[in-house]
There are 4 protein chains.
Amino acid sequence: MKVFNDPVYGFIEVGNNFLLKLIDHRFFQKSRRIKQLGVTEFVYPGAVHTRFQHAMGAMHLMGKALNTLRSKGITISDKEKEACEIAILLHDIGHGPFSHSLEEVLMPGIEHESISYQFMLKLNEEFDGRLNLALKIFRNSYERKFFHELVSSQLDMDRLDYLIRDSYFTGVPEGSINVERLIQLLNVDEDRLVLEEKAIYVVENFLSARRLMYWQVYLHKTSIGAEKIITNIIKRARDLYSFGQKIPMSPALEYFFANKINIEQLSENEEAMDHFSKLDDTDIWGSIKIWRDNKDPILSHLCNMILERKLLKVRLSNEPIDKSELQRLKHQVTKKFNVLMSDTHYFMSHGPVTNEAYILGGKPINIITKKEGVKDIAYASDLPNIQAISKIVLKYYQCWPKGLTL
Amino acid sequence: MKVFNDPVYGFIEVGNNFLLKLIDHRFFQKSRRIKQLGVTEFVYPGAVHTRFQHAMGAMHLMGKALNTLRSKGITISDKEKEACEIAILLHDIGHGPFSHSLEEVLMPGIEHESISYQFMLKLNEEFDGRLNLALKIFRNSYERKFFHELVSSQLDMDRLDYLIRDSYFTGVPEGSINVERLIQLLNVDEDRLVLEEKAIYVVENFLSARRLMYWQVYLHKTSIGAEKIITNIIKRARDLYSFGQKIPMSPALEYFFANKINIEQLSENEEAMDHFSKLDDTDIWGSIKIWRDNKDPILSHLCNMILERKLLKVRLSNEPIDKSELQRLKHQVTKKFNVLMSDTHYFMSHGPVTNEAYILGGKPINIITKKEGVKDIAYASDLPNIQAISKIVLKYYQCWPKGLTL
Amino acid sequence: MKVFNDPVYGFIEVGNNFLLKLIDHRFFQKSRRIKQLGVTEFVYPGAVHTRFQHAMGAMHLMGKALNTLRSKGITISDKEKEACEIAILLHDIGHGPFSHSLEEVLMPGIEHESISYQFMLKLNEEFDGRLNLALKIFRNSYERKFFHELVSSQLDMDRLDYLIRDSYFTGVPEGSINVERLIQLLNVDEDRLVLEEKAIYVVENFLSARRLMYWQVYLHKTSIGAEKIITNIIKRARDLYSFGQKIPMSPALEYFFANKINIEQLSENEEAMDHFSKLDDTDIWGSIKIWRDNKDPILSHLCNMILERKLLKVRLSNEPIDKSELQRLKHQVTKKFNVLMSDTHYFMSHGPVTNEAYILGGKPINIITKKEGVKDIAYASDLPNIQAISKIVLKYYQCWPKGLTL
Amino acid sequence: MKVFNDPVYGFIEVGNNFLLKLIDHRFFQKSRRIKQLGVTEFVYPGAVHTRFQHAMGAMHLMGKALNTLRSKGITISDKEKEACEIAILLHDIGHGPFSHSLEEVLMPGIEHESISYQFMLKLNEEFDGRLNLALKIFRNSYERKFFHELVSSQLDMDRLDYLIRDSYFTGVPEGSINVERLIQLLNVDEDRLVLEEKAIYVVENFLSARRLMYWQVYLHKTSIGAEKIITNIIKRARDLYSFGQKIPMSPALEYFFANKINIEQLSENEEAMDHFSKLDDTDIWGSIKIWRDNKDPILSHLCNMILERKLLKVRLSNEPIDKSELQRLKHQVTKKFNVLMSDTHYFMSHGPVTNEAYILGGKPINIITKKEGVKDIAYASDLPNIQAISKIVLKYYQCWPKGLTL
């Protein structure tokens with residue numbers, strides 16, 4: 001039995017030796033060097049917690065949830081318990097640095113879930129098939145479907161942990177949720193995960209908290225502005241690199257500039273696996289500090305912006321940006337930074353953001369009621385706000401450098 | 001007025017534009033990339049908070065303390081207030097990565113306080129003397145001595161913030177202290193900082209918490225083991241470098257491998273200042289990941305140890321290690337790692353650790369009593385434990401690789 | 001300056017001597033013996049906090065709110081500040097024991113606000129007119145209307161304090177709200193209290209929390225059941241008393257059994273004022289313990305129910321109870337308790353309950369937006385749930401003794 | 001399974017039906033009406049928590065402790081578990097109102113533990129011997145001694161719960177202890193309760209917190225002053241009563257004024273048991289409010305003091321009060337209150353107070369060390385402060401009415 005201190009839950013106890021082995025594996029240890037919320041620390045300085053902590057926390061909640069279900073008479077074998085804990089521990093192992101922002105730049109067209117899967121395959125090989133069941137549960141090919149729902153659904157252990165953890169580290173108390181109560185009210189009905197009827201208000205609270213965290217934290221304007229700078233730095237560096245310029249960077253980062261990865265064979269591509277397993281926040285920050293002195297003025301300027309916290313201005317609105325407005329902004333950028341029209345995109349950005357606090361039509365959060373059986377929370381609640389939460393989701397952001405007039 | 005969210009205090013409000021400028025300066029922004037507790041995250045995964053947060057928190061407490069003193073009739077000008085806030089904000093700006101462990105390797109013989117001072121001189125130049133008073137207070141050459149005590153003493157805003165913050169992020173509730181109460185009971189007597197008589201128990205509690213945090217966190221055995229690996233990695237790389245081997249690393253790190261810095265002229269040494277202002281945790285971790293594949297087996301092995309969390313075994317004891325025991329360990333190391341006797345030191349370490357929760361004889365924490373005037377807390381308390389805390393401070397650690405027999 | 005410890009806010013500092021006098025007045029000290037949430041402790045054992053604490057907390061928030069407004073440039077004189085603090089401190093002074101349940105039994109037709117007002121008049125006399133402005137603000141006859149809104153509106157200091165305090169003492173974290181943030185975002189526009197635009201999510205969170213606390217705490221089924229027993233005990237005792245039976249009880253309680261009070265002249269009715277100022281929870285509990293041995297079997301049985309926690313069964317439904325169902329229940333009661341049909345009402349109860357988390361059409365919570373000026377939060381939010389919260393408010397409860405079949 | 005909300009632990013789950021029966025028994029329900037800390041609310045307004053909550057909390061910790069011990073391989077039968085939970089649930093059932101202050105006045109010479117025992121005997125009769133083992137454990141006549149230590153020792157579940165709970169409700173964070181960690185480190189060695197070696201700092205912290213709570217809360221000067229008024233009110237009323245004066249009061253209180261109780265036969269004395277089971281805080285407060293108008297000026301004056309919070313002045317000193325000083329005070333009292341010398345004691349009080357944070361020589365808190373086996377914490381710690389805590393324990397208080405000159 002090994003005990004990990006955790007500021008959110010007090011203690012996380014791990015009694016299973018194989019889990020301890022996975023935790024110490026360098027594939028997982030890498031998550032110590034990837035911040036859960038990327039650039040959010042520029043808005044919430046406390047938000048420097050890592051994917052490592054989050055994965056440990058989610059595994060801890062998984063253990064509690066399974067124990068609760070057992071205490072309610074659901075039979076769960078030790079093998080199934082271990083498999084669930086492995087699946088949730090490793091569910092995010094495929095994240096690279098600044099995940100959602102850089103994913104598309106570093107490995108275009110590949111989602112981190114697929115990479116997680118490839119790494120789990122690799123580990124399964126290394127550990128002689130011990131992850132077989134975890135892989136099944138992760139991919140939802142195991143017949144007892146509620147296990148997968150605990151790993152990945154609209155009320156999975158992933159979301160429970162990150163919501164309460166992000167609230168703790170950002171210092172946004174409105175995002176705090178009653179995890180203990182939610183887990184206590186879990187049950188299983190016909191192999192589906194359900195919540196008891198009296199959970200309605202707690203689930204509503206969870207979804208409101210989630211929606212609020214989206215607008216206050218995950219989609220915070222200033223965060224978006226910082227994120228775009230990071231993305232554009234990497235894009236600029238990659239573009240220079242592809243034109244043959246020599247840019248200093250880590251071998252791992254360079255590998256993904258130089259190669260296009262095929263996800264299907266990733267787990268057999270030793271080189272790619274090795275490089276990806278080394279790629280973390282330090283590669284990005286390490287590069288940015290060096291590139292600040294790069295002779296390319298665009299790259300150098302962008303790096304300076306993030307290092308001196310001269311972030312982009314950001315506007316969120318209900319309508320996409322107007323073409324002519326965009327054109328005017330671009331003109332100003334060409335003058336202010338003395339760049340070509342075709343390079344203005346490094347300094348600006350626009351696009352949609354979506355607040356997916358609850359998705360209707362997907363796999364629902366189910367409430368089991370005495371009178372009416374199992375119902376989607378959106379219809380079990382006496383308020384229309386969950387249905388509303390699931391509709392009003394789309395806004396548009398525009399970022400541009402300070403000093404320009406919109 | 002700008003508001004920073006902080007998980008420890010809720011909000012940190014900064015109304016002073018010049019402070020905001022300093023905060024956004026890249027010299028200070030660098031502290032976002034230096035963890036307050038270095039490798040402690042290997043024991044307490046939550047402890048990834050940065051020097052940035054800590055400095056902001058200490059500045060916040062400074063503001064509260066000065067307001068308290070003003071409300072008790074102490075005259076404090078706005079200029080003095082700003083100077084104190086600047087001094088505490090920048091007091092740790094001279095820290096490099098993994099400060100206490102690497103200080104001695106990267107800039108031998110130079111303490112971080114001197115470097116902070118040099119950076120403050122540099123900023124003073126940049127901002128036309130606006131830091132003059134802050135510099136005086138920092139160096140304790142201002143006539144109103146209690147200002148310096150708020151910046152640096154046994155009950156300064158630095159210690160108050162880091163104790164409560166380290167407790168919050170490690171999840172060690174015993175380290176939590178009643179900062180609000182301590183500040184509320186501050187006063188000034190003959191230009192000395194004092195605490196009202198009823199603060200005795202709260203100060204005792206503060207010193208016990210501090211002592212406990214030393215043994216449970218700052219001097220945690222596993223932390224020491226991880227720290228030594230980091231130190232030895234850098235030592236080995238530097239030794240290889242000085243023998244002319246080509247080792248990939250960031251320009252900033254290389255600069256300090258290649259040059260011996262003279263502290264007196266640091267603020268005039270543009271190159272050194274620039275490189276130091278870029279040196280942070282990412283340079284160290286970035287190197288470690290690359291050096292894992294280095295052809296030097298010692299360097300490669302050490303890097304692998306930290307990346308796969310195969311930490312050193314550590315023993316704390318009241319006696320220094322016995323010479324013959326040391327010899328036996330070294331012999332085992334030569335065999336296990338196939339290295340020369342003269343290289344065994346990269347795998348082992350031993351030395352003293354001191355728990356300086358309270359130092360008698362230094363500048364005391366003063367209690368102002370009705371009957372007996374101002375007294376050192378060690379003698380104002382009715383318990384001998386503060387005197388005891390100040391005596392029992394020395395232990396000896398020994399680290400060695402797992403698998404050897406002590 | 002006197003400092004009160006408060007578990008919710010840490011410290012409550014009172015620097016105004018006149019406020020301290022009011023706090024120590026026996027009219028206000030009585031609130032130490034009235035629980036804020038009456039019988040809720042039968043569901044949430046921690047909820048034994050008193051009206052005293054709540055009034056102190058609301059006064060504390062008032063001070064913070066006024067300081068915030070001052071820092072935003074709103075002129076507020078010291079006299080106005082004191083008046084607001086007095087008004088909120090005393091706003092609930094007219095509460096008797098188990099207020100909402102017994103109000104109607106002890107002083108039919110009189111609301112506690114009117115009684116508070118009468119007590120404030122009385123104190124104003126005692127203190128030579130020092131409460132003049134507080135009285136004006138309390139009655140909303142002062143021209144600067146936002147002061148009254150801080151005392152009494154849908155976002156007044158009363159609600160902010162009781163929500164966070166009730167959450168703290170019940171242990172229902174979902175009811176916790178970000179009081180600090182809400183106060184920080186207050187402002188005044190054309191003498192109305194408004195919130196800045198970025199407060200929208202925090203206000204939404206406040207209203208959701210409030211709605212949740214209604215269903216989870218204030219209207220908790222078991223609480224309703226306990227409350228009805230208390231009410232029916234007092235009703236039965238009063239009915240016996242009015243038929244000339246001698247029932248032991250405190251002089252204060254007996255006074256309100258024997259006399260019908262005229263609210264208009266209450267402050268001139270020394271006797272009534274004196275008795276009311278003594279009436280608190282202990283009169284009710286003291287009587288219940290004695291009446292348990294009363295020879296009237298109905299009274300004795302009801303007292304025993306609450307003393308042995310044999311509470312009523314309660315059902316909440318969307319429809320009022322069916323007449324014939326009610327009749328069946330009454331029949332069962334006559335048999336089980338051997339009572340007349342006309343006495344069954346002591347053992348049962350039914351009626352509406354309303355969850356008034358936010359009332360549309362009343363004085364709104366105003367958001368000041370950049371584009372559209374001042375808007376009701378119900379329309380400023382991008383979700384319909386605040387409008388929904390204000391609609392779905394009515395349920396019906398039915399209580400009946402355990403063992404009967406509905 | 002019934003779930004109780006608790007603000008300190010979140011949820012308290014009770015799965016045992018017999019425990020639920022005991023909880024609902026009126027002997028135990030009475031503890032809802034006895035505040036854990038008596039008059040402490042006059043200093044810490046939040047401290048209105050009840051003995052009910054505390055007993056529930058202690059039972060909850062007992063369950064956790066026993067589960068921890070089971071997980072470490074200690075065999076504990078379900079019967080033993082239930083017995084321990086009963087014993088701790090009922091350990092304080094013999095407390096009357098304002099226990100430590102009024103014990104000596106209402107039932108001279110009888111300790112509350114003996115009364116608890118008598119009530120447990122009575123319940124054992126009512127429930128046909130189901131409390132047999134609980135009684136054995138409570139009286140320490142069961143052969144497995146560590147069970148009794150969990151109920152009553154220097155680190156029992158009673159102390160753990162009340163320390164953390166008193167800290168929560170008073171708002172004195174220094175009193176907070178790491179209950180989870182302390183329980184996690186419990187073990188059993190040769191039928192003794194022990195703590196693992198790494199618990200040393202946590203136990204030290206527990207003892208420091210306990211000592212601090214003594215001086216800051218339990219022996220707070222203002223509390224002592226309030227307590228003495230309550231005691232003297234009851235003494236004065238009893239003295240008047242014994243001289244044949246008719247004083248209105250509850251039958252339960254009158255019973256103990258009129259009768260001297262013999263502890264040995266208490267459980268067979270139906271009348272005494274019944275009256276004691278009804279005696280709680282409301283009897284005292286109910287009387288005080290009525291006695292305020294009593295024609296006896298001493299009684300009336302004392303009641304008024306507590307109702308208007310005109311508390312006694314209190315001094316704590318290291319020496320007992322000087323005889324001549326006492327005489328001078330008495331003279332002033334005779335003049336100020338126009339009373340006989342022989343009645344001055346109703347207005348003044350003096351005596352010793354002891355801070356028994358840790359008692360050396362009693363049954364120790366044991367630490368099990370690797371090298372030296374089981375050791376008393378006082379000697380296992382590397383600081384002398386636990387030994388010191390156990391020595392410096394005695395102070396003297398003097399109380400006198402405001403306005404007199406000492």
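Helices (H or I, at least four residues) and strands (E, at least two) are DSSP runs, numbered from the N terminus. The structure is a predicted model, in which local features need pLDDT of at least 70, side-chain atom pairs count only at pLDDT 80 or more, and totals for chains, interfaces and linings use all residues. Residues are numbered from 1 along each chain as its sequence is written, while chains are lettered from A and ligands numbered from 1 in the order in which they are written.

With these elements in hand, two loops of chain A may be considered. A:Arg309 is found in the loop between helix H16 (297-307) and strand S5 (313-317) of chain A. The phi angle of A:Arg309 is near 50°, a positive value in a residue other than glycine. Most residues other than glycine have a negative phi. A residue is termed buried if 20 or more other C-beta atoms lie within 10 Å of its own, exposed if 12 or fewer, and partly exposed in between, with C-beta atoms placed from the backbone. A:Arg309 has 16 C-beta neighbours inside 10 Å and therefore counts as partly exposed. A:Asp191 is located in the loop between S3 and S4 of chain A. Phi is again positive at this non-glycine residue, near 65° for A:Asp191. A:Asp191 counts as exposed because it has 12 C-beta neighbours inside 10 Å.

Two strands pair if DSSP finds at least two bridges between them. S3 and S4 (residues 192-196) of chain A pair in the antiparallel sense over 4 bridges, and A:Leu186 has A:Leu195 of S4(A) as its bridge partner. In chain A, an open sheet of 4 strands runs in the order S3-S4-S7-S8, with mixed pairing. Strand S3 (186-189) and strand S8 (373-376) of chain A stand at the edges with a single partner strand each, so one side of each is left without a neighbour in the sheet. On average, neighbouring strands of this sheet are turned by 45° against each other, direction ignored; here axes are lines fitted to C-alpha atoms, for helices over the stretch in contact, and angles run from 0 to 180 degrees between N-to-C directions.

Copies are superposed by least squares on the C-alpha atoms of residues with pLDDT of at least 70 in both.

Two residues are in contact if their C-beta atoms, placed from the backbone, lie within 7 Å.

Of the 11 residues of H15 (residues 281-291) of chain B, 10 are buried, so the helix is largely enclosed by the rest of the structure. Among the buried residues of H15(B) are B:Thr282, B:Trp285 and B:Trp291. The cover over the buried residues of H15(B) includes helix H15 (281-291) of chain A, as well as helix H12 (221-242), helix H13 (251-258) and helix H16 (297-307) of chain B.

Chain A also meets chain C. Chain A can be laid on chain C with an RMSD of 0.0 Å by a turn of 180° and a shift of 0.1 Å along the axis. The C-alpha of chain A nearest this axis belongs to A:Asn385, 2.3 Å from it. The contact takes 18 residues from chain A and 18 residues from chain C. Helix H11 (200-218) and helix H19 (385-389) of chain A are the elements that give two or more residues to the side of chain A that touches chain C.
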